[in-house]
Amino acid sequence: MKPNPFRLAARAAVESPRAAGFLIGLILGAAYLGVRFESLQGIGESVDHSPGLMHDFSMYFYRTGKSLMAGVGPVGGFLYPPTLGILMMPISLLSPADARFLWGILEALAILALTSISARLAPPRIGWVALVTAATLVSTPVLHNFKWGQLGVPLTVLGLLGADACGARRLFSVALVSLVASIKLYPAVLFSVFVRRRDGKALLGGAAGVAALVFGVPALVLGLRRTRKFFEKVAPFLSATADTTDPNSQSLSHWLTRSFDAPPEGLVMGLAASMALITAALLWGARSSDARTLDRFTAFLSLAWIPFVVPTCWANYFAFLPPLAAFLASQGDSLPPGGRRLVHAVSVAVLLAGSFVTVDLIGGWRPYVAEGVLLLADLLAALTALGILAVWTWERGRAAARAGAPGASDRVGDLLKA
């Protein structure tokens, strides 16, 4: 008698819920994309303005690589350190069509890697893994990144892998974080994991790595004179972008300006400093928890506060939202029933708000970005992460007090007295 294939599949799903959920999520996500967009060109037409695919890659990355190969500087509108331009030089040897095809393959692989990270961080149950996997595939940051041929997804993948390895493989971790920080400066916030670990050697190594990649390698490849001119040409475009009125910008200052007129001077930076201090205090108070879990909290919260300090936060910058939502759902399992339900509800809300489903529900791309839906989802996730750390710190303080040892609140008081 032949074994029942459905029974075999059910048994495999029970034995490997994460793998089963991942497969189900891939199918659901791919089905949604196929129905909603019908073709890759449909993504170019529906996501953001300016129909077309891989515009930023073709117009800025590829052309800058070709320009550097010809002994000239970056093309107008290139807003990155010379590291990226140098990495584009080998790709620029291909024809424009072949280069776009190769870049599309690399982007697709990065999306699959990000989806795998999200699934790995989700609670090990079929439903959660399937939801997180599908939501990552259809997330607005992922689609925005693919439409423009941008770097948000690849840098998020490499940055999270680097931050996650800081405990076991320090050299690998420092190298990856240094690389992503040298390509597009904002991922440098991931060095915060070394700050939390008080790993001075890693911080010095990271600073040296970034300096070598941003200044040393370009000086060797392009020469000192061309490197200096490279920075001189890029600088004006950076300052112009910082003052953009484009509603795509999800930075807190731009969103406040759109919604409530100009915010008071210093408000955003004051909020950024306050959030940094609160985050540091809660991570310190919860430091007796699993070190790798705290590393992940540190990395995700550092990325989540980027809209406070980076003048322009485009949609692809938020590629970390699906894995952050998955991570929060897993950490919610450690809370009492009421807290667990709340955290799980927040995780689902963040996944939904960050998906293209919400773009359609809210009436299209422009109102979606103008209302700052991605920014609000990011802040909701970050505040929830702080809430989980606060609960842990409180519980550990109470446990320490019952045991007669100084808790986190006592140690804070001692520091203030000193």
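Arg-197 counts as partly exposed because its relative accessibility is 31%; partly exposed lies between buried, under 20% relative accessible area, and exposed, over 50% (1.4 Å probe, protein chains only). This is a predicted model, in which local features need pLDDT of at least 70 and side-chain atom pairs count only at pLDDT 80 or more, while totals for chains, interfaces and linings use all residues. Residues are numbered from 1 along each chain as its sequence is written, and side-chain values use heavy atoms, with hydrogens and water left out.

Arg-197 forms a salt bridge with Asp-295, with 2.7 Å between the closest N and O atoms. A salt bridge here is a side-chain nitrogen of Lys or Arg within 4 Å of a carboxyl oxygen of Asp or Glu. Arg-197 sits in the loop between α11 and α12 and Asp-295 in helix α16, so the pair ties together parts that are 98 residues apart in sequence. Helices are DSSP runs (H or I, at least four residues), numbered from the N terminus.

Asp-295 is buried, because its relative accessible area is 3%. Its side chain also meets that of Arg-196 in a salt bridge (2.9 Å, N to O). Arg-196 belongs to helix α11 and Asp-295 to helix α16 (residues 291-304), so this pair ties together parts 99 residues apart in sequence.

The structure holds nine salt bridges. Another one joins the side chains of Arg-120 and Asp-164 (3.8 Å, N to O). Since Arg-120 lies in helix α6 and Asp-164 in helix α9, the pair ties together parts that are 44 residues apart in sequence. Arg-120 has 39% relative accessibility and therefore counts as partly exposed, whereas Asp-164, at 14%, counts as buried. Arg-120 and Asp-164 are linked with Arg-292 and Arg-296 in a network of salt bridges.

Helix α10 (residues 170-183) has 14 residues and reaches 20 Å from its first C-alpha to its last. This is close to the 20 Å expected at 1.5 Å a residue, the expected span being 1.5 Å times one less than the number of residues. Buried residues of α10 include Val-174, Leu-176, Val-177 and Ile-183. The buried residues of α10 pack against α5 (82-91), α9 (152-164), α11 (192-196) and α12 (200-222), where contact means heavy atoms within 4.5 Å.

Helix α6 (residues 96-121) also holds Leu-112, which counts as partly exposed because its relative accessibility is 43%.

Notes
Helix = DSSP H or I, 4+ residues; strand = E, 2+ residues; numbered from the N terminus.
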